[in-house]
Amino acid sequence: MPRRSGLIGALVALFVLLLGVSANAAAHTARSAAAADCRVLAPGASAAAERAVAAACEQVAAGVWYSWGGGHGPQPGASYGQVDPTDPASEHDPERRGFDCSGLVRYAYARAAGSDVLNGSADTQYYTHRAAGRFAAGEGLAPLLPGDLLAWGTSSHLHHIAIYLGAGRMVEAKQSGTRLMVSDVRLDGDYHGALRVNTGPVTGHVFQTWGTGVWTKAAPSVSAARVYAFPGPTTIRVACQKHAETVTSDGYTNDAWSYLPDYQAWVTNIYIKGAAWLEAVPTCAS
């Protein structure tokens with residue numbers, strides 16, 4: 001009886017081992033299929049955009065995990081994540097080196113540009129002063145090229161960002177408990193729009209803001225609708241400025257407002273570093 005029990009135990013152990021090998025093989029096959037699908041799927045993208053796609057797809061091929069907060073270390077690259085208090089599936093993220101959605105975008109474009117051009121959250125990346133073009137949600141996918149960034153959320157808070165591949169597909173770090181993946185673009189729900197990234201020299205009038213929680217407005221008025229709040233000092237591009245409502249804040253009074261094309265919004269010049277009336281910036285036509 002002991003010899004028979006030992007034989008049964010050995011067979012069970014072998015069966016479990018074979019199941020593990022089979023599961024690993026299946027997972028490897030799935031990752032290989034995902035990697036094969038992760039590539040530039042349409043013509044017309046810049047060389048830098050194609051490099052960004054390639055960098056993101058390398059991480060897909062490697063089977064890298066989504067990890068909440070991952071990719072936001074001192075340098076671009078996979079890092080251990082954190083527990084997202086709103087998502088029970090993130091309990092293992094502190095044990096997983098990976099990327100969240102904006103961490104992956106940061107890494108891909110750092111590889112493409114050779115410098116850390118898109119550090120920050122999905123909000124910061126979408127509203128970057130490095131935008132070469134912007135596309136509203138209503139325009140759909142027709143004007144997009146591989147490497148363009150797709151964003152979901154509202155003008156005051158974007159919660160997800162991904163990289164377009166072409167042909168209606170995208171590469172993304174989607175959610176805790178999953179690996180980086182290729183998905184169909186989701187144009188329903190709260191899809192917000194897309195942008196094309198300029199990895200070269202920035203054109204236009206570029207300034208820095210100061211302060212925290214500074215709201216941009218739909219019109220040059222304190223009572224106008226809020227658009228987006230700068231969480232801290234932010235690099236912005238100013239198109240023009242005008243005299244409008246007088247504002248007193250933080251010990252300063254000024255009636256000058258600047259229009260920010262990347263936000264399609266206005267901000268009082270009080271919170272822009274520089275003279276009260278910005279040098280070299282033209283007056284808005286109306």
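**Exercise 1. Find the residue with a positive phi in the hairpin of β6 and β7, and describe how the strands on either side are paired.**

Solution. In the hairpin that β6 and β7 form, with two residues between the strands, Ala167 takes a positive phi near 55°. Strands here, like helices, are DSSP runs numbered from the N terminus (E, at least two residues, for strands; H or I, at least four, for helices). The model is a predicted one, in which local features need pLDDT of at least 70 and side-chain atom pairs count only at pLDDT 80 or more, while totals for chains, interfaces and linings use all residues. Residues are numbered from 1 along each chain as its sequence is written, and side-chain values use heavy atoms, with hydrogens and water left out.

Next, take the pairing, for which DSSP must find at least two bridges between two strands. β6 and β7 (residues 169–172) pair in the antiparallel sense over three bridges, and Ile163 stands opposite Val171 in β7. Then turn to β5 (residues 149–154), which pairs with β6 in the antiparallel sense over six bridges; these two strands also form a hairpin with two residues between them, and Leu150 stands opposite Ala162 in β6.

**Exercise 2. Explain why strand β6 is described as largely enclosed by the rest of the structure.**

Solution. Begin with the term: a residue is buried when its relative accessible area is under 20%, exposed when it is over 50%, and partly exposed in between, using a 1.4 Å probe and protein chains only. Eight of the 10 residues of β6 (residues 157–166) are buried, so the strand is largely enclosed by the rest of the structure. For the protein chain as a whole, 45% of its 286 residues count as buried.

**Exercise 3. Locate Arg96 and work out which residues surround its charge.**

Solution. Arg96 lies in the loop between β2 and β3. The strands β1, β3 and β2 form, in that order, an open sheet of mixed pairing, whose edge strands are β1 (65–66) and β2 (79–80), each pairing on one side only. β2 and β3 (residues 97–99) pair in the antiparallel sense over two bridges, with Gly98 in β3 as the bridge partner of Ser79.

Finally, list the contacts (heavy atoms within 4.5 Å): leaving aside residues up to four places away in sequence, Arg96 touches Trp65, Ser67, Ser79, Tyr80, Gly81 and Gly177. Arg96 is buried yet has no salt bridge, the nearest side chain of opposite charge being Asp93, 4.2 Å away. A salt bridge requires a side-chain nitrogen of Lys or Arg within 4 Å of a carboxyl oxygen of Asp or Glu.

Terms used:
Lys and Arg count as positive and Asp and Glu as negative; His and the chain ends are not counted.
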